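Me: I have a structure open here and have not looked at it before. Can we go through it together?

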Amino acid sequence: MNASADKDALVNEIGRLIAEDDRANARPWQAYALIVAYDDNMRRFNGFAYDGDGGYAAATPTPEPLGDALDALREATRVDGKAPWQACVVRLVRDTRRITLEFEYDDPARWDITPQTLDAVAESARPG
């Protein structure tokens with residue numbers, strides 16, 4: 001299997017793990033976003049379930065085995081001589097089964113969630 005196929009398989013596995021996770025699916029959703037951020041090799045998850053009316057609710061999945069798949073993807077997408085991405089937004093759309101990923105190398109703090117930034121970050125992460 002080539003490197004691109006490995007990455008594709010990891011992306012598909014990440015999507016499957018989210019779609020099957022009880023915590024991520026505690027509420028029905030039309031779209032879903034997971035923000036994964038790494039600090040000093042520690043990872044943080046923040047998940048959002050978006051309903052068909054434009055609302056959202058926190059819906060963070062169980063960390064394992066999803067975290068292992070994300071760690072593997074982080075390594076698989078690493079460019080020689082460069083630091084790995086520091087944050088990733090995984091976006092899913094249920095009806096189309098579409099999954100997209102956005103990697104953040106330079107400004108992972110833009111995905112930090114505080115009481116003041118919660119709504120803005122949830123909107124930025126919303127699948128389009």
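Me: Which side chain of opposite charge is nearest to aspartate 21, and how far away is it?
Reply: The nearest one is arginine 23, 5.3 Å away. Aspartate 21 is buried yet has no salt bridge. Buried means under 20% relative accessible area, exposed over 50%, and partly exposed in between, with a 1.4 Å probe and protein chains only. A salt bridge here is a side-chain nitrogen of Lys or Arg within 4 Å of a carboxyl oxygen of Asp or Glu. As for charge, Lys and Arg count as positive and Asp and Glu as negative, while His and the chain ends are not counted.

Me: Before going on, where do these values come from?
Reply: This is a predicted model, in which local features need pLDDT of at least 70, side-chain atom pairs count only at pLDDT 80 or more, and totals for chains, interfaces and linings use all residues. Residues are numbered from 1 along each chain as its sequence is written, and side-chain values use heavy atoms, with hydrogens and water left out.

Me: OK. Where is aspartate 21?
Reply: Aspartate 21 sits in the loop between H1 and strand E1 (31–39). Helices (H or I, at least four residues) and strands (E, at least two) are DSSP runs, numbered from the N terminus.

Me: Which backbone nitrogens does the side chain of aspartate 21 reach?
Reply: One belongs to alanine 24, at 2.8 Å. Another is the backbone nitrogen of threonine 62, which lies 3.1 Å from a polar atom of the aspartate 21 side chain. A polar contact is a pair of N or O atoms within 3.5 Å; within protein, one must be able to donate a hydrogen and the other to accept it, and residues adjacent in sequence count only if both atoms are side-chain atoms.

Me: New topic. How many salt bridges are there in the whole structure?
Reply: A search of the whole structure finds 11. One of them joins the side chains of glutamate 20 and arginine 16, at 2.6 Å from N to O.

Me: How far apart in helix H1 are those two?
Reply: Glutamate 20 and arginine 16 are four residues apart in helix H1, so about one helical turn separates them. Glutamate 20 is exposed, at 52% relative accessible area, and arginine 16 is partly exposed, at 36%.

Me: Which salt bridge links distant parts of the chain?
Reply: Aspartate 112 and arginine 44 form one, with their closest N and O atoms 3.0 Å apart. Aspartate 112 is in the loop between E5 and helix H3 (118–125), arginine 44 is in strand E2 (residues 42–50), and the two are 68 residues apart. Aspartate 112 is partly exposed, with a relative accessible area of 32%. Arginine 44 is also partly exposed, at 32% relative accessibility.

Me: Which residues are linked in a network of salt bridges?
Reply: The network links Arg91, Glu102, Glu104 and Arg110. Within it, arginine 110 forms a salt bridge with glutamate 102, the closest N and O atoms being 3.2 Å apart. Arginine 110 is partly exposed at 40% relative accessible area, and glutamate 102 is partly exposed at 24%.

Me: On to pockets. How much space lies in the largest pocket?
Reply: About 240 Å³. On a 1 Å grid over the protein atoms alone, a pocket is an open set of points where a 1.4 Å probe fits, with protein on both sides within 12 Å along at least five of seven lines; lining residues have an atom within 4 Å of a point. Grid points are joined across faces, edges and corners, and the volume is the space filled by probe spheres set on the points.

Me: What lines that pocket?
Reply: The lining includes Asn12, Trp29, Leu92 and Arg97. H1 gives the most, with four residues.

Me: And by class?
Reply: The lining has five nonpolar, two polar and four charged residues. Ala, Val, Leu, Ile, Met, Phe, Trp, Tyr, Cys and Pro count as nonpolar, Asp, Glu, Lys and Arg as charged, and the others, Gly among them, as polar.

Me: Last one: is threonine 77 buried or exposed?
Reply: Threonine 77 is buried, with a relative accessible area of 14%. A polar contact of 2.8 Å joins its side chain to that of tryptophan 85.
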